[in-house]
Amino acid sequence: MPFDLRERTIANVVRTQAARFGGKPFLLFEGRSFSYAEFDRITDVVANGLKRLGVGAGTHVAVMMENKPEALFVYFALGKLGAVGVAINVAMKGSLLKYFLENSDSTHLIADAGLLERVDPVLGELPQLQTLLRFGAGPASLHGRVVHDYVTLLQADATPVDGGSTLADLFLILYTSGTTGPSKGVLSTHCHAITVGVEMMRGFDYREDDVLYVCLPLFHANALLNSCMAAFVAGASVALARRFSVSGFWNDVRKTGATQFNLLGAMADFLWNAPPDARDRSHKVKQCLIVPAPRHNYEAFEERFGLRLATLYGITDVSLVTTRSIDEKSEYRWSVGRPRPHFEVKILDEDDFELPHGTPGEICVRPLEPWVAAPGYYR
């Protein structure tokens with residue numbers, strides 16, 4: 001269901017899809033299942049619980065949680081409130097962790113209990129970070145600050161929450177890999193985040209009967225937006241895994257009935273290098289999105305695992321720019337596809353003049369609609 005640009009707010013999308021799909025499973029995780037209606041209700045409860053702790057429109061809340069349903073509950077609850085979720089890589093520690101928490105102006109932190117020990121050494125240098133929540137058993141206080149239990153959030157009521165956000169309001173701060181210096185906080189508005197999902201749905205034909213297997217980390221845009229958000233706007237289901245496992249991957253895919261999944265290029269190589277198994281083609285997957293596509297064994301990968309490969313070009317800093325689905329002609333298989341309708345793409349030289357076809361240059365993109373791209377970096 002494509003949402004009009006002005007309708008692309010988290011509260012509206014969650015409410016609309018809950019009304020439309022009701023008891024249909026949205027989220028599957030280790031034997032637990034949450035329907036679209038349950039997801040709507042739980043995120044309202046979590047949002048009301050967070051409101052009791054001072055979270056409201058514009059509050060920056062750092063989220064440092066490994067893959068689990070509660071991480072998605074938190075991100076979407078924050079979106080309903082109009083608050084800003086700051087996605088923190090769970091491997092961060094020391095000065096880098098301090099940088100993320102300080103640079104983002106986070107006043108609240110929700111973290112897995114086992115990860116709070118990473119925060120403890122730098123907490124004394126973060127005076128603005130006053131409210132801490134832990135998921136799981138852990139300390140009741142750190143540096144004189146009370147550590148609230150996630151469970152207490154669930155004691156709130158399920159009154160529907162809508163913080164009044166517009167499409168242009170900030171939903172997430174997503175940090176880059178920092179290849180040109182300190183990691184930058186990408187500003188992901190409600191419209192930007194939802195547009196990634198909508199264009200993934202359209203570009204790769206995600207449907208209501210699809211199950212997207214997600215094993216990439218939720219603190220990254222690939223899992224959170226390209227997969228979970230895409231599944232949500234498509235009315236599909238997400239089969240969430242804690243992490244990528246070479247030995248457990250195909251068993252998980254079979255068990256969950258997955259029909260689609262996303263991989264990074266190195267992950268595809270890991271699967272390829274695993275010993276062949278008689279069950280390699282025993283699954284329901286019809287399309288696998290790999291970035292970058294494995295040119296060295298493209299046809300062999302498709303043949304061995306009995307699926308079709310697709311790819312794309314996109315960056316957290318902008319959005320989903322191009323897509324190449326399994327329906328594209330075979331001569332384009334080494335391409336990252338065609339521009340999505342909401343982007344103009346040109347290849348320019350060092351003086352910004354457009355280059356002829358086949359000439360290497362700089363990829364330049366320009367959004368053709370308002371708010372479909374990230375508007376910049378925080379601070």
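Predicted model: local features only at pLDDT ≥ 70, side-chain atom pairs only at ≥ 80, totals over all residues.

Is cysteine 364 buried, partly exposed or exposed? I looked it up: cysteine 364 is partly exposed, at 23% relative accessible area. My cut-offs: buried is under 20% relative accessible area, exposed is over 50%, and partly exposed is in between, with a 1.4 Å probe and protein chains only.

Residues are numbered from 1 along each chain as its sequence is written, and side-chain values use heavy atoms, leaving out hydrogens and water.

I found zero in the structure. Cysteine 228 is in none, and its nearest cysteine sulfur, on cysteine 215, is 11 Å away. Cysteine 228 is also buried, at 0% relative accessibility.

Then asparagine 226, which I found in helix α8, residues 221-234. Helices here are DSSP runs of H or I, at least four residues, numbered from the N terminus. Asparagine 226 is buried too, at 11%. Leaving aside residues up to four places away in sequence, asparagine 226 touches Val196, Met200, Tyr206, Ala221, Asn262 and Leu312. Contact means heavy atoms within 4.5 Å.

Last stop, helix α3, residues 69-81. Its 13 residues reach 19 Å from first C-alpha to last, close to the expected 18 Å. That expected span is 1.5 Å times one less than the number of residues. I saw that 13 of the 13 residues of α3 are buried, so the rest of the structure largely encloses this helix. Just after α3, glycine 82 has a positive phi of about 85°.

How values were computed
Disulfide = S-S within 2.5 Å. Helix = DSSP H or I, 4+ residues; strand = E, 2+ residues; numbered from the N terminus.
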